[in-house]
Protein chains: 2
Amino acid sequence: MIPYLIGMVPDMPTDRIRDHAGQGATTVAAHRRRLRADRARQLADLLRHQLLTAGFPGGALPHESILATDYRASRNTVRQALDLLRAEGLVERQPGVGTVVVAQKYPHGLDRLMGLAETLREHGHVTNEVRTMGPVPAPAPVADRLRVPTGTDVLYIERLRRLGGLPLSLDLTYIPLDLGTALLDADLENTDVFRLLEAITGQRLGHAEITLEAVNADANSAAVLEAPRGAAVLMLERLTHLADGRPVDLEFIRFRGDRITMSGLLHRSL
Amino acid sequence: MIPYLIGMVPDMPTDRIRDHAGQGATTVAAHRRRLRADRARQLADLLRHQLLTAGFPGGALPHESILATDYRASRNTVRQALDLLRAEGLVERQPGVGTVVVAQKYPHGLDRLMGLAETLREHGHVTNEVRTMGPVPAPAPVADRLRVPTGTDVLYIERLRRLGGLPLSLDLTYIPLDLGTALLDADLENTDVFRLLEAITGQRLGHAEITLEAVNADANSAAVLEAPRGAAVLMLERLTHLADGRPVDLEFIRFRGDRITMSGLLHRSL
């Protein structure tokens, strides 16, 4: 039997809720807690969308009582939903002001291959702190993907990337040395590797194979990104090819989950 | 000045490392710890790629000493890298066996709009536990996106989706009621909503706008997904349209970060 739940109205008569639970008193209490938590999540997801699309003028959320009316939710559910968003670092409660948006997530496109500075141009200046740079003998998984013999030197670069001074991502990059050598003297602090590779080769980039994951930041990555240990990180692995098909840039990128979203368009037919 | 680091060889002469740190003894020690942690991350990322692409025959990683040789890393770095992967739940150390792959991440395509069961067909059977289903008055952000008047009833569905019995994602779905009513009697337990919508409308789906984020699971979502509180979750918001352009399916999907990757191809030119 499928459980039916009518509306987000928390004070609905309980006999309108039909589901598997609800035998003893303990089950009923647990069931109510679950329902409230479910509703809070449901509401938080709707508010999150508005937060991320700058849907609240001035960055201030409406008063709890207005949210409760607008979303036909109880004040308790509204509070719990705001707690969820606060735990994610998206909003803060300010005494005398109410709930305000404190985190901005920047959209990174999934429709077109672009470097970070290109992507976020309208949001501010991207600077790159080069933490490490130098040739390393390519381990097998790097060599295979960059199509060089295992053990051949490739250029390894580790960058902490910032937008408006705040850490955004930690990028680990491998580049074949014939192209990498020219990068050693380039302005990596202020320029995307993508742009530099196109300048060096006189060729446009072609395509990239990407894989996205959500992972909890390990202690060291968290410290570098100035995020709490265990913070959710959007991990992007990307192998970028030149227009002629040659793979030239293997990257492992950890984006702070609270500062980046990836957006795109999918089509049903190819 | 750019810090140069030559190779992943941890026992390299320290005079080959040039960077901003390294004045006092404390700084040197902190610097060494940082370098080791950086190298462990670098190695863990390479091993992660192999794990996820079934690059270790039989699911067993080579012995630490072999990894150390292959990756020109110290045993300490190898151990620390394996610790990182273990903390992510990807590998386990088994006494007498060594390090084995314990988690499988399933690839979800970013190149084509597909339902979960379609996508993961080759990996097993997707079952859906319908936690909640029923009409709710559409709040403004839902109504706007589904292009119905605010307050109009839409069908709300909450599903826990499993692959091979293990929780994979928690999906919150809003569907206009003219299509939603037909879903009430459909086999939602075993069928993707995408497939049902195409059957109901006699029309193919067209495209979807998607947004991906990495978030830490709140306590309730974690409990539902049988994941630790705070576990990294890949959050997908997706508005799906019919081929004729009508928006018919707004979803908020929380994928367990340790069970799903999203893969696709990006092109430089549109």
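I began with a helix in chain B. I note here that the model is predicted.

Entry: the strands under that helix. I looked up how β6 and β9 of chain B are joined. Strand β6 (residues 166–176) of chain B and strand β9 (residues 247–256) of chain B run antiparallel, with 6 bridges between them. I picked out B:Tyr174, whose bridge partner in β9(B) is B:Leu250.

Entry: the crossing from chain to chain. I followed strand β10 (residues 260–267) of chain A to strand β7 (residues 205–216) of chain B. These two strands run antiparallel and are joined by 6 bridges. Which residue of β7(B) is the bridge partner of A:Met262? I read off B:Leu212.

Entry: Strand β3 (residues 106–109) of chain A pairs with β10(A) in the parallel sense, over 4 bridges. I noted A:Pro107, with A:Thr261 as its bridge partner in β10(A).

Entry: another mixed sheet. I listed 8 strands again, forming an open sheet in the order β4(A)-β5(A)-β6(A)-β9(A)-β8(A)-β7(A)-β10(B)-β3(B). Why is one side of β4 (126–137) of chain A and of β3 (106–109) of chain B left without a neighbour in the sheet? Both strands stand at the edges, and each has a single partner strand, so one side of each has no neighbour there. The twist in this sheet averages 20 degrees from one strand to the next.

Entry: details of this sheet. I checked β3(B) and found 4 bridges to strand β10 (residues 260–267) of chain B, the two running parallel. B:Pro107 has B:Thr261 as its bridge partner in β10(B). I also looked up helix α7 (residues 193–201) of chain A. This helix lies across β5 (153–163), β6 (166–176), β7, β8 (232–242) and β9 (247–256) of chain A. It runs at about 165 degrees to β9(A).

Entry: the whole interface. I counted 89 residues of chain A in contact with 90 residues of chain B. The two chains bury about 7900 Å² between them, 55% of it on carbon and sulfur atoms. Which residues of chain A lose the most area to chain B? They are A:Arg41, A:Leu266 and A:Arg268, together 13% of what that side buries.

Entry: charged and polar pairs. Between chain A and chain B I found 12 salt bridges. One of them joins A:Arg41 to B:Glu158, with the closest N and O atoms 3.6 Å apart. I also noted 40 residue pairs in polar contact between the chains. On the side of chain A that touches chain B, strand β7 (residues 205–216) of chain A gives the most, with 12 residues. By class, that side has 45 nonpolar, 21 polar and 23 charged residues.

Note on methods. Residues are numbered from 1 along each chain as its sequence is written. Chains are lettered from A and ligands numbered from 1 in the order in which they are written. This is a predicted model: local features need pLDDT of at least 70, side-chain atom pairs count only at pLDDT 80 or more; totals for chains, interfaces and linings use all residues. Side-chain values use heavy atoms; hydrogens and water are left out. Contact means heavy atoms within 4.5 Å. Buried area is the accessible area (1.4 Å probe) that two parts lose on being put together, summed over both. A salt bridge is a side-chain nitrogen of Lys or Arg within 4 Å of a carboxyl oxygen of Asp or Glu. A polar contact is a pair of N or O atoms within 3.5 Å; within protein, one must be able to donate a hydrogen and the other to accept it, and residues adjacent in sequence count only if both atoms are side-chain atoms. Ala, Val, Leu, Ile, Met, Phe, Trp, Tyr, Cys and Pro count as nonpolar, Asp, Glu, Lys and Arg as charged, and the others, Gly among them, as polar. Two strands pair if DSSP finds at least two bridges between them. Axes are lines fitted to C-alpha atoms, for helices over the stretch in contact, and angles run from 0 to 180 degrees between N-to-C directions.
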